[in-house]
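Colleague: Hey, can you walk me through this one? I'm new to reading models.

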Amino acid sequence: MSTPSLELLVHGVGGATPQEMLGDPRTVRVTGDETAAVYRRSADTGTESGGPVQEAYVWSNLTSGNGARALWLLLLPFMVVNLAHWMRPPTRGLSRTVRVYGVLVRLVALSLTVLLVAAACEVALDLTAWQCAGAAACTRSKSWLGFLSPQHGGWWAQPGRRLALAAVVPAALTAFLWYLSNRTWSAYESQQPLTGADDEEDPEPTARPALSTPGFWYGRRLVARLRAAHTAAGFLTVAAALTTAAVGFDRRSSATLLEAIGWLLEATLMVAAGVVVWVVCRRGRTESRLDEELDRAVVTLLPGSALVLLVLSALYAAWSRPGWTSHGSLPGDRTFGVITLGQGVLVVALAVVATLLFRRAPQARTALRGFGGPAVAMLACALGGVMSGGVAQRVADWLDGRGTPGMGSSIAGPPVLLSWQASVIPLLLVLLLVPAAFLAVRTMHRTRVAGRRVMDDYPREKPDTVRTRKIAGARSRAKLTDAAPALLGIMATATLLLGAGALVGAWASDQVPGKAAVGAPEVVESAAETAQALGSWLVGLGFVLFVTWGRRAYRDASARRTIGILWDVGTFWPRAAHPFAPPCYAERAVPDLTWRMFTWTDRTGGRLVISGHSQGSVLSAAAVWQLPARTRRRVALLTYGCPLERLYGRWFPAYFGPACLHNLQEELHCWRNLWRSTDPIGGPVRVEGGVDEGPLLDPVAYGRTREHPLPAPILAHSDYQADPVFARERTGLLNELESASLPKQGVREVPAGPRGGAG
């Protein structure tokens, strides 16, 4: 009787149905639920014989399942800053410096939460309750604000009471973020990894790559701790906005008792903010072991105490102050400048730490020579600023009607810094045109050069100029992926410098660019007005597109799958920096795959090939790393369209660098990687031992042949299984496993694993 064999297919970005993966309209779910599951053909149910049985692991619903996923667009800056944590350069020693790197990224992430809540405060408290509700011209056109208007003389007419009512909006936003994080935490971070399998041959965890450690895909404790801190930070931000406004009036009046209460509240808020920062900095991830503890005191008391302080601040602000009137901007409008300055300092400090780490163990192919993390952190801050500024600008325009906020209209408008930041966007786009033009010219040159070598791959074919140009163009465009680090570096550097210039301009002039340039040379004045108008228009356009895309994704499953591609790439990594980032689907997918491989091989004693395409190859490698050594001896890895080295190895070198991939090859023994020169995502993994098979011929036929009577398509990143090499390599891997002299075992029941078994 032959040894049972199984091919476990794992799809890539964008998702796939089990029917598409298995090539059969009749499939059944073997194990799993509606979110992620393993499927087989109906004909293969209950059998393990008759050649390699195919199973398909479908995980696309983890990132693009129901309509609520569209709300994740709001969390885009949080997702990006979370990536910065994992882009740490590899190093030898310097454990304290590594911890400092993690602390800095977590502080940048905390600043993004404060920025988002501050933007909500700007819209609800400043623009709506303070400026528009306090201006007769504005409330006349916005009748729904009439009950807040001082002209009506109602109970809500006092500024403090208007602010206390408006504070419900940013407080509700903070509570909603807490709810989303808590809900996904229960579904993702709380998934139990494979543990308890007796495996004496595995080396100590400290001697292995991080992705093979027991606690890597179990971030339950840290996410709960960070969620409490960020929730508290959101509530404290709202409380500070209320308290600052009221204290400012009390200090100018003779209300001694209220002034003393205000001082006490401010001091308490500062202490609470210090506790939040301490909680964020105090503890990072625990990966060497499965950490099932929860810091219950922090998780419960910290956000609860912050909420109590928010309620007290609202009561303090709502206290009767008959002589208080609102005019201009809400006190504390420099908050955005302080946040921007703090983010810039943190990003620069992060760059210094990354340099120290990279110099200890430099690797030639590491993206941006270790500056990938700081560059991505800068991009996250820029996204947060654009989103915050866009919302504030659009709401101000809507409230002011035909006027232009900040240019002599009925309301003062948002802080001038937001206008300055919007005004530098056109200049940033102009700067990016230079490298974009360079890449376009270089790609055309590469296409001409590659065209001379295309026929070397088809020596018996008659040359066709159009066909050759298409093939050469596909190969040249595929190389554009390798230019991404330089483009990101230019963008991050320009953003940092332009952002610093916008901050200096805003603080020096305290006016929007158009007003600040009055009296300057005509060219400068015209350029400032144009930049302000164009920047405001671009921010508004971005906001409209953002909302439109979100609404469409909520209603349309196909659009949701498009957004899901972004999450497929961005949410592979655990939430190590920001608890409000979209959840890490790998914390569900990797345990799913590990449990399936372990239980099937242990039950049948058979051979298993895990076959991963694109992002599925990354999940497959991560799952194999988590297997016990005795299970890995029965498992082979087949990857195709694989970004393990080309993207993950360059951008996340501490986890997928050359040493890590070499370790995977040594522990696995049976691994093949298929790649094409036309593939913009996949590539060779660059490890010794004959792992790479490629570049595969694409297209498989240059012209019309007996086997291909119609023109063969250029497949690039898709349909690797259609290539004859795929079936040959899969068979070769199964034969290698067969010849490894594994002990033959009969089929037996699955032993109970920790906290239950898996199918």
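This is a predicted model: local features need pLDDT of at least 70, side-chain atom pairs count only at pLDDT 80 or more; totals for chains, interfaces and linings use all residues.

Colleague: How many salt bridges does the structure hold?

Modeller: There are 27. A salt bridge here is a side-chain nitrogen of Lys or Arg within 4 Å of a carboxyl oxygen of Asp or Glu.

Colleague: Which residue does R603 form a salt bridge with?

Modeller: With E48, and the closest N and O atoms are 3.6 Å apart. R603 sits in helix α20 (residues 586-604) and E48 in the loop between β3 (37-41) and β4 (53-58), so the pair ties together parts 555 residues apart in sequence. Helices (H or I, at least four residues) and strands (E, at least two) are DSSP runs, numbered from the N terminus.

Colleague: Which residues are linked with those two in a network of salt bridges?

Modeller: R40, E55 and R596 are in the network with E48 and R603.

Colleague: And R686 with E645, how far apart are the closest N and O atoms?

Modeller: They're 3.2 Å apart in that salt bridge.

Colleague: Is E645 buried or exposed?

Modeller: Buried, at 9% relative accessible area, whereas R686 counts as exposed at 51%. Buried means under 20% relative accessible area, exposed over 50%, and partly exposed in between (1.4 Å probe, protein chains only).

Colleague: New topic: where does Q626 lie?

Modeller: In the loop between α21 (615-625) and α22 (629-632). Q626 is buried too, with a relative accessible area of 11%. A polar atom of its side chain lies 2.6 Å from the backbone oxygen of L211.

Colleague: What about cavities, how many of 30 Å³ or more does a search of the whole structure find?

Modeller: Three. The largest cavity holds about 70 Å³ of space.

Colleague: Which classes of residue make up the lining of the largest cavity?

Modeller: Two nonpolar, three polar and five charged residues. Ala, Val, Leu, Ile, Met, Phe, Trp, Tyr, Cys and Pro count as nonpolar, Asp, Glu, Lys and Arg as charged, and the others, Gly among them, as polar. The lining includes R220, R221 and D291.

Terms used:
Residues are numbered from 1 along each chain as its sequence is written. Side-chain values use heavy atoms; hydrogens and water are left out. A polar contact is a pair of N or O atoms within 3.5 Å; within protein, one must be able to donate a hydrogen and the other to accept it, and residues adjacent in sequence count only if both atoms are side-chain atoms. On a 1 Å grid over the protein atoms alone, a cavity is a set of points where a 1.4 Å probe fits but cannot get out, and a pocket is an open set with protein on both sides within 12 Å along at least five of seven lines; lining residues have an atom within 4 Å of a point. Grid points are joined across faces, edges and corners, and a volume is the space filled by probe spheres set on the points.
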